[in-house]
Every structure is written in structure tokens, then in C-alpha cells.
Amino acid sequence: PNNIQCVPKEVEFLSYEDALGIPLTTASLLGTCFCALVLVVFAYHRHTPIVRANTSELSFLLLLSLKLCFLCVLLFIGQPQLWMCQLRHAVFGISFVLCISSILVKTMVVIAVFKSSRPEGKGAMKWFEVAQQRCTVLVLTALQIVICAVWLSTASPAPYKNN
């Protein structure tokens, strides 16, 4: 009342018991389970023509990266710690780039297939063989890993307590 002392602030963070923490955790675990279920179905039917024609290796990689993206939500819940602050953004960025690069390569393969069906695009598929697909995903993900490493070494995030 007399403004003669400091009043400590209550520490706030998103917990698993919060009104937002419960649905986020539930959605994260449901998404992970759905991706795992689809991954099992794909693995079981991996020799069928529809799965093989759908670049199955990229599909498995895409499902794995989606699972990682769903699980990254759990890193943002709970009391912040130094290592958790550094880990959460980097892991999400890498898994997201892995997901997006898989989608990009799958799209490029579809475009190459359509181009190769035309008379002027006979050599289009030679640029998108399995080795080039793997290499593209690997290079894009490695680039993101380098970006995250540089970011963590130069301007690493840290929890901040505002007193």
C-alpha cells in the first residue's frame, strides 16, 4: 500500500493442467497416434502398386516428420528450462523442414511424371530418381540444421524471469 517494497510476480508458464495445455497435449498425442496408424498401414501394404507408385520412401519420411512435428508441441508445455528453450525451437524447425522438403520433392516428382508424358519432356524423370530425391531432402534438412546451429551458437534463446 505504501509502495515501499517489491511484490514478487507469480511465475507463469503453460502446464499440462492448464485449460490450454490439456487440449494441446490431447491434439498432439492424437495426431501422433494417427500418423503412427497410417505409417503402420503404409508399411503393411508397402508392396501394393498404390503405395509403391506414391514414392513410399518419401511417404514414410513425411509421416515420420509429421509425428515429430506433433510431438514438438509437448516441448512447449511445462516450466521453461535453458536446454528446453534451446531444444524446442530447433527440433521443431528441423522436423518442419523435413516435412516440407518431403512434400516439395513429392510434388516435383509428380510434375516430372506429367512432363515426361509429353513428347518434349522425355528426360524429365532422370532428374528425379530416388537418389536425387533423397539428396534434395537431405540437403534442405542439413541447411536447416546449420541455420539452427548458427542461431543457437550466436543468439540462443533462454528463459527470462521478469521480476
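Trainee: At what angle do helix 1 and helix 3 pack, and how far apart are their axes?

Mentor: Keep in mind that we're looking at a predicted model. Helix 1 covers residues 21-44 and helix 3 covers residues 56-72; they pack at an angle of about 165°, and their axes are 8 Å apart. An angle over 145 degrees counts as roughly antiparallel, so helix 1 is roughly antiparallel to helix 3. As for handedness, the crossing of helix 1 and helix 3 is left-handed.

Now for the residues that make this contact. Helix 1 brings Ala27, Ser28, Gly31, Thr32, Cys35, Ala36, Val38, Leu39, Phe42 and Ala43, while helix 3 answers with Ser59, Phe60, Leu63, Leu66, Lys67, Phe70 and Leu71. Sort the residues of that contact by class and you get 12 nonpolar, four polar and one charged.

Leu63 sits in helix 3, and with a relative accessible area of 10% it falls under the 20% limit, so Leu63 counts as buried. Leaving aside residues up to four places away in sequence, Leu63 touches Cys35, Val38, Leu39 and Phe42.

Helix 3 and helix 5 pack at an angle of about 20°, with their axes 11 Å apart. Helix 3 and helix 5 are therefore roughly parallel to each other, and their crossing is right-handed. The contact uses Glu57, Leu58 and Leu61 from helix 3, plus Val130, Gln133, Arg134 and Val137 from helix 5. By class, the residues of this contact of helix 3 with helix 5 come out as four nonpolar, one polar and two charged.

Take Arg134 from that list. Arg134 lies in helix 5, residues 130-154, and is partly exposed, with a relative accessible area of 49%. The C-alpha atoms of Arg134 and Val105 are separated by 8.8 Å, although the two residues are 29 apart along the chain.

The crossing of helix 4 and helix 5 is right-handed. From helix 4, the contact includes Gly93, Leu98, Val105 and Val109, and from helix 5 it includes Gln133, Val137, Leu140 and Trp151. Counted by class, the contact of helix 4 with helix 5 has 13 nonpolar, nine polar and no charged residues.

The largest nonpolar core has five residues, namely Leu58, Leu98, Val105, Val109 and Val137. Helix 4, residues 82-116, supplies the largest share of this core, with three residues. As a rule, nonpolar side chains in soluble globular proteins tend to be buried together.

Asn3 has a positive phi of about 55° although it isn't a glycine. Most residues other than glycine have a negative phi. At 76% relative accessibility, Asn3 counts as exposed.

Conventions. Residues numbered from 1 in each chain as written. Predicted model: local features only at pLDDT ≥ 70, side-chain atom pairs only at ≥ 80, totals over all residues. Heavy atoms only, no water. Core = buried A, V, L, I, M, F, W, Y, C linked by side-chain atoms within 4.5 Å. Buried < 20%, exposed > 50% of the residue type's maximum accessible area, 1.4 Å probe, protein only. Helix = DSSP H or I, 4+ residues; strand = E, 2+ residues; numbered from the N terminus. Axes fitted to C-alpha atoms, helices over the stretch in contact; angles between N-to-C directions. Parallel < 35°, antiparallel > 145°, perpendicular 65-115°, else oblique. Left-handed = near helix turned anticlockwise from the far one by under 90°. Contact = heavy atoms within 4.5 Å. Nonpolar A, V, L, I, M, F, W, Y, C, P; charged D, E, K, R; others polar.
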